[in-house]
Amino acid sequence: MSTANSELQQRKDAATPRGVGVMCDFYAERALNAELWDVEGRRFIDFAAGIAVTNTGHRHPKIVAAIREQLDRFTHTAYQVVPYRSYVELAEKINARTPGKHAKKTAFFTTGAEAVENAVKIARAATGRPGVIAFTGAFHGRTMMGMALTGKVAPYKLGFGPFPPDVFHAPFPTPLHGVTTADSLKALEHLFKADIDPQRVAAIIFEPVQGEGGFYQAPAEFVRGLRALCDTHGMLLIADEVQTGFARTGKLFAMEHYDVVPDLMTIAKSLAGGVPLSGVTGRAEIMDAAAPGGLGGTYAGNPLAVAAAHAVLDIIDSEALCDRAAVLGERLKTTLKGLRAAVPQIADVRGPGAMIAVEFGKQGAAHEPDAAFTKRVQSRALERGLLLLVCGVHSNVIRFLFPLTIEDHVFDEAIAILEDVLKETASDVK
Ligand code: PMP
């Protein structure tokens with residue numbers, strides 16, 4: 001017998017803190033590929049994918065089988081105590097498939113924030129320097145260093161300081177909002193004059209496509225500029241691919257869109273399709289800078305999660321999900337662009353592969369972010385059974401994170417709902 005959503009909602013409010021902000025007021029019962037059902041039997045099309053985690057869909061049979069097979073052998077030994085083959089084999093696969101032909105090593109962790117923390121630890125150990133530079137609008141997690149690196153105050157940093165020192169922010173290029181690549185690179189040069197000697201900087205960390213920040217893609221010349229600065233000053237370049245990885249952008253990793261190779265990369269989310277797993281991959285000599293025992297964690301590289309990750313890589317290849325991301329993303333972009341006349345609030349439609357976003361501004365003006373309109377679109381879509389996520393520093397961007405394994409007819413159904421909802425919301429405003 002199912003427990004009603006409203007009863008669970010009351011119990012949740014009494015039993016869990018409001019700091020764990022929850023978007024939906026219904027409770028998950030089960031999910032399959034791109035669909036999810038609540039405890040009252042209502043169906044939703046899941047364009048959130050657990051925040052970019054189920055690129056390979058909910059409960060893909062190959063992932064379920066891999067976890068089940070591992071479940072029958074052992075669930076936990078702590079890799080640092082008794083190691084297992086599957087961890088080593090996954091590291092080999094990730095080393096081979098991440099950008100760059102150089103020798104690489106990979107360490108596994110559990111969450112994206114933990115991967116970021118460890119990338120910074122490794123960069124400091126390798127360079128002997130303290131400083132880290134991140135960007136406005138960036139999101140790197142909810143741990144102390146994750147928050148320090150994150151370039152958005154509310155809600156992530158409110159009341160939680162002080163944060164680790166020697167972290168600095170430069171503006172991320174968003175030409176739509178008047179910040180060019182030249183502006184960003186100039187701001188970095190200024191930062192080296194005003195705030196920190198570049199010889200004291202261990203690393204620059206950036207997202208190839210900012211996730212929580214609004215799906216703004218780093219321009220190629222910006223990424224080249226970062227690489228050049230790092231090479232000049234002996235700093236390391238860290239690409240945070242926690243949200244962009246695993247076929248989302250039409251490539252296995254977003255850095256494949258650039259002719260630049262990062263020194264370190266953080267991965268998580270869709271790596272294990274819903275079982276917590278993250279990693280740091282990088283140049284072998286840099287990865288080896290941390291002393292034995294300095295890296296790891298009780299659950300880091302859990303065998304169930306590692307088994308799932310092997311299945312994820314297999315599915316991405318066997319179902320050609322990079323190509324599928326490009327095809328679905330293009331269809332969505334064409335639909336959204338076609339709606340510009342009917343929905344004048346659309347200020348921009350963007351994104352590589354299936355990492356697509358639509359930004360709303362009053363009268364389509366990007367400099368007048370329309371968070372209220374965005375919220376109405378999201379709520380209306382949810383009423384119609386389509387789960388959408390909002391992002392952006394001004395909460396005026398809807399990001400699309402459907403599983404890349406979504407069936408055509410479910411995708412078509414979602415697109416039809418989206419079209420209706422956008423048109424209806426726009427005509428309300430008129
Ligand atoms: N980095 C990026 C780019 C992210 O998008 C996120 C999560 N949204 C994180 C780090 C943190 O990951 P987690 O929530 O698993 O700690």
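**Ligand site**

I began at the ligand, where a nitrogen atom lies 2.7 Å from an N or O atom in the side chain of Asp-240. I took a polar contact to be a pair of N or O atoms within 3.5 Å; within protein, one must be able to donate a hydrogen and the other to accept it, and residues adjacent in sequence count only if both atoms are side-chain atoms. The model is a predicted one, in which local features need pLDDT of at least 70 and side-chain atom pairs count only at pLDDT 80 or more, while totals for chains, interfaces and linings use all residues. Residues are numbered from 1 along each chain as its sequence is written, and side-chain values use heavy atoms, with hydrogens and water left out.

I then noted a polar side-chain atom of Lys-269 at 3.0 Å from a nitrogen atom of the ligand. A backbone N or O atom of Gly-112 lies 2.8 Å from a ligand oxygen atom. Of the 390 Å² of accessible area that the ligand has on its own, the protein covers 84% (Shrake-Rupley method with a 1.4 Å probe; for residues, only the protein chains shown count as cover).

I listed the residues around the ligand (a heavy atom within 4 Å); among them are Thr-111, Phe-139, His-140, Glu-207 and Glu-212. The shell divides into three nonpolar, five polar and four charged residues. In this grouping Ala, Val, Leu, Ile, Met, Phe, Trp, Tyr, Cys and Pro are nonpolar, Asp, Glu, Lys and Arg are charged, and the others, Gly among them, are polar.

I followed Glu-212 from the ligand shell to its salt bridge with Arg-399, where the closest N and O atoms are 2.9 Å apart. Arg-399 lies in strand E15 (residues 397–400) and Glu-212 in the loop between strand E7 (201–206) and helix H8 (220–233), so the pair ties together parts that are 187 residues apart in sequence. Helices (H or I, at least four residues) and strands (E, at least two) are DSSP runs, numbered from the N terminus. Both Arg-399 and Glu-212 are buried (buried is under 20% relative accessible area, exposed over 50%, partly exposed in between; 1.4 Å probe, protein chains only).

I recorded 23 salt bridges in the count, each a side-chain nitrogen of Lys or Arg within 4 Å of a carboxyl oxygen of Asp or Glu. Arg-350 and Asp-348 form one at 2.7 Å between the closest N and O atoms; Arg-350 is buried at 10%, and Asp-348 is buried at 18%. Salt bridges with shared partners join Arg-380, Arg-384, Asp-420, Glu-424 and Asp-428 into one network. Arg-73 and Glu-69 meet at 3.4 Å, N to O; Arg-73 is exposed at 52% and Glu-69 partly exposed at 46%.

**Strand E5**

I checked strand E5 (residues 131–135): five of its five residues are buried, so the rest of the structure largely encloses it. Gly-131, Ile-133 and Phe-135 point one way, Val-132 and Ala-134 the other. E5 pairs in the parallel sense with E7 over three bridges and with strand E6 (residues 167–170) over four; pairing requires at least two DSSP bridges. Gly-131 stands opposite Val-201 in E7, and Phe-135 has Ala-170 in E6 as its bridge partner.

**Backbone**

Most residues other than glycine have a negative phi, and most peptide bonds are trans. I found cis peptide bonds from Ala-154 to Pro-155 and from Gly-161 to Pro-162. Ile-51 has a positive phi near 60° and lies in helix H2 (residues 49–52).
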